[in-house]
Amino acid sequence: MDFSDRASIICRAIRRAILEQALSPGDKLPEDTLGERFGVSRTIARHALGQLASEGLVELRRNRIALVATPSFEEARDEFDIRRELERLVVRALCGRLSASQIEELTAHVAGEEAARGGSEANSIRLATEFHVKLAEMTGKPTLTRYVREIAYRSSLSLATFGRPHSPDCAISEHRAVIEAVAAGDAERAAALMAEHLDQVAARAFLKARPSRGDLMEVLAPYADAERPGLGARAGRETEKTAQPQSRRPKHA
Ligand SMILES: [Zn+2]
């Protein structure tokens with residue numbers, strides 16, 4: 001087993017731990033701990049972290065500190081937009097081209113998702129994401145598959161950051177509808193269903209997400225508005241007295 005094989009094993013393990021939310025955004029990933037845990041040198045661990053950073057799953061800071069990445073709200077929204085378009089390409093590419101055994105494999109996968117319901121949440125999340133990656137793999141298009149896989153894993157970080165706890169991720173009925181449309185060879189319908197499905201996933205996740213906290217003026221606006229009557233009573237008594245009758249006048253006219 002060579003250097004890059006060993007690094008790939010670490011990458012695969014960390015991707016899976018992120019997907020199952022065993023690792024959360026912001027968790028530290030020290031090289032020495034990884035090296036020890038996987039029985040590899042720090043150099044190999046560092047190489048793996050570099051690879052994961054290039055996929056957007058890990059954030060590298062100064063002094064060789066590596067953390068599980070924390071997507072910003074804007075990044076999460078952007079990524080769902082990109083993911084929707086990529087996966088529309090996937091189902092269009094698959095329409096009318098899936099073999100009976102591939103359709104069977106997808107149906108069996110969704111049956112597995114159904115069976116996992118009520119079990120561990122980690123397992124459900126992983127199966128749901130694997131459905132999307134499996135679809136991409138069936139296109140036989142390596143670039144499309146790589147992009148879908150990367151963005152699907154990044155989505156799981158977004159869901160971990162902004163999703164409500166215990167919110168359903170992918171609805172099984174929506175996965176079934178996509179398979180049916182693809183099997184029927186209806187490209188437009190399949191693309192529309194996939195787009196709708198991913199919009200639903202994003203909506204369920206981001207329903208209660210906080211908006212950007214970047215703009216202090218915006219954050220303070222509702223608080224300032226709530227305080228305005230108090231402020232006005234002190235600061236603008238004179239102008240209010242003269243302004244009020246004027247503002248009422250048109251209503252009576
Ligand atoms: Zn899904």
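**Helix packing and selected residues**

Author: In helix 5, Ile103, Leu106, Thr107, Val110, Ala111, Glu113 and Glu114 meet Ile172, His175, Arg176, Ile179 and Ala183 of helix 8, contact meaning heavy atoms within 4.5 Å. Helices are DSSP runs (H or I, at least four residues), numbered from the N terminus. This is a predicted model, in which local features need pLDDT of at least 70 and side-chain atom pairs count only at pLDDT 80 or more, while totals for chains, interfaces and linings use all residues. Residues are numbered from 1 along each chain as its sequence is written, and side-chain values use heavy atoms, with hydrogens and water left out.

Reader: At what angle do the axes of helix 5 and helix 8 cross?

Author: They cross at roughly 170° and come within 10 Å; axes are lines fitted to C-alpha atoms over the stretch in contact, with angles running from 0 to 180 degrees between N-to-C directions. The two helices are therefore roughly antiparallel to each other, a term for angles over 145 degrees.

Reader: Changing topic, is Arg84 buried or exposed?

Author: Arg84 is buried, at a relative accessible area of 18%, where buried means under 20% (1.4 Å probe, protein chains only). Arg84 lies in helix 4, residues 73-94.

Reader: And which residues does Arg84 touch?

Author: Leaving aside residues up to four places away in sequence, Arg84 touches Ala195, Leu198 and Asp199.

Reader: How many disulfides are there?

Author: The count is zero, a disulfide being a pair of cysteine sulfur atoms within 2.5 Å. Cys11 is buried at 3% relative accessibility, and Cys95 is buried at 11%.

Note on methods:
Buried < 20%, exposed > 50% of the residue type's maximum accessible area, 1.4 Å probe, protein only. Parallel < 35°, antiparallel > 145°, perpendicular 65-115°, else oblique.
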